[in-house]
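Open the structure in your viewer and keep the selection tool at hand. This tour goes from one selection to the next and says what is there.

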Amino acid sequence: MSPKKFKKLSKLRERLDKLDDLLIKIVKRRTNIVNEVLKLKDFKNQIVDNKRIKIILSRIRKKSIKNKIDPKITRRIWINMIRAYIDYERRNFGKK
């Protein structure tokens, strides 16, 4: 890789790192809201709401297309995030 390309790559990686920092803050905010939602659930079987998941994924697909983002990328991100939060809720259900 040429020095010019390396410099450009480094700058792009710095921009990605700054975005990652913002994403961490957003994940924290989302986790706080999930904690509030979890407090409202009386039974563990209320953690997974397949109807809600379908609505979320449909909404994200539409927004992805509107914003010219590959919907396969956003679908994978959201599915993984939903699964992670389902796991989080299951682990923290008894602690509420």
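**Stop 1: a pair in helix α3**

Select R91 and D87, which form a salt bridge whose closest N and O atoms are 2.9 Å apart. The model you are looking at is predicted. Both R91 and D87 belong to helix α3, where they sit four residues apart, about one turn of the helix. An α-helix has 3.6 residues a turn, so residues three or four places apart point the same way. Side chains of opposite charge can pair when their charged atoms come close. Now colour D87 by accessibility: its relative accessible area is 40%, so D87 counts as partly exposed.

**Stop 2: a pair in helix α1**

How many salt bridges does a search of the whole structure find? The search finds three. For another of them, select E36 and K39, with their closest N and O atoms 3.3 Å apart. E36 is partly exposed, at 46% relative accessibility. K39 has a relative accessible area of 53% and is exposed, because the cut-off for exposed is over 50%.

**Stop 3: a pair that joins two parts**

Next select K41 and E89, whose side chains meet in a salt bridge of 2.9 Å, N to O. K41 is in the loop between α1 and α2 (50–66), while E89 is in helix α3 (residues 71–92), so this pair ties together parts that are 48 residues apart in sequence. Are these two residues buried or exposed? K41 is buried, with 14% relative accessibility, and E89 is buried too, at 7%. Both values fall under 20%, which is why the two residues count as buried.

**Stop 4: around E89**

Keep E89 selected and show its contacts. Leaving out residues up to four places away in sequence, E89 touches V34, L38, K41 and I47. One of these, L38, is 51 residues from E89 in sequence, yet the two are 6.7 Å apart in space, C-alpha to C-alpha.

**Stop 5: the length of α1**

The distance is 56 Å, and at 1.5 Å a residue the 38 residues of α1 should span 56 Å, so the two agree. Within α1, select T31, V34 and L38, which are buried. What covers the buried residues of α1 includes α3.

**Stop 6: the largest pocket**

Finally, show the pockets and pick the largest, which holds about 770 Å³ of space. Its lining has 25 residues, and those closest to its centre are R30, V34, M81, I82 and Y85. Which elements give two or more residues to this lining? They are α1, α2 and α3. Helix α1 gives the most, with eight residues. Colour the lining by class to see 17 nonpolar, one polar and seven charged residues.

V34 is buried in α1, touches E89, and is among the residues closest to the centre of the largest pocket.

Notes
Residues are numbered from 1 along each chain as its sequence is written. This is a predicted model: local features need pLDDT of at least 70, side-chain atom pairs count only at pLDDT 80 or more; totals for chains, interfaces and linings use all residues. Side-chain values use heavy atoms; hydrogens and water are left out. A salt bridge is a side-chain nitrogen of Lys or Arg within 4 Å of a carboxyl oxygen of Asp or Glu. Buried means under 20% relative accessible area, exposed over 50%, partly exposed in between (1.4 Å probe, protein chains only). The expected span of a helix is 1.5 Å times one less than its number of residues. Contact means heavy atoms within 4.5 Å. On a 1 Å grid over the protein atoms alone, a cavity is a set of points where a 1.4 Å probe fits but cannot get out, and a pocket is an open set with protein on both sides within 12 Å along at least five of seven lines; lining residues have an atom within 4 Å of a point. Grid points are joined across faces, edges and corners, and a volume is the space filled by probe spheres set on the points. Ala, Val, Leu, Ile, Met, Phe, Trp, Tyr, Cys and Pro count as nonpolar, Asp, Glu, Lys and Arg as charged, and the others, Gly among them, as polar.
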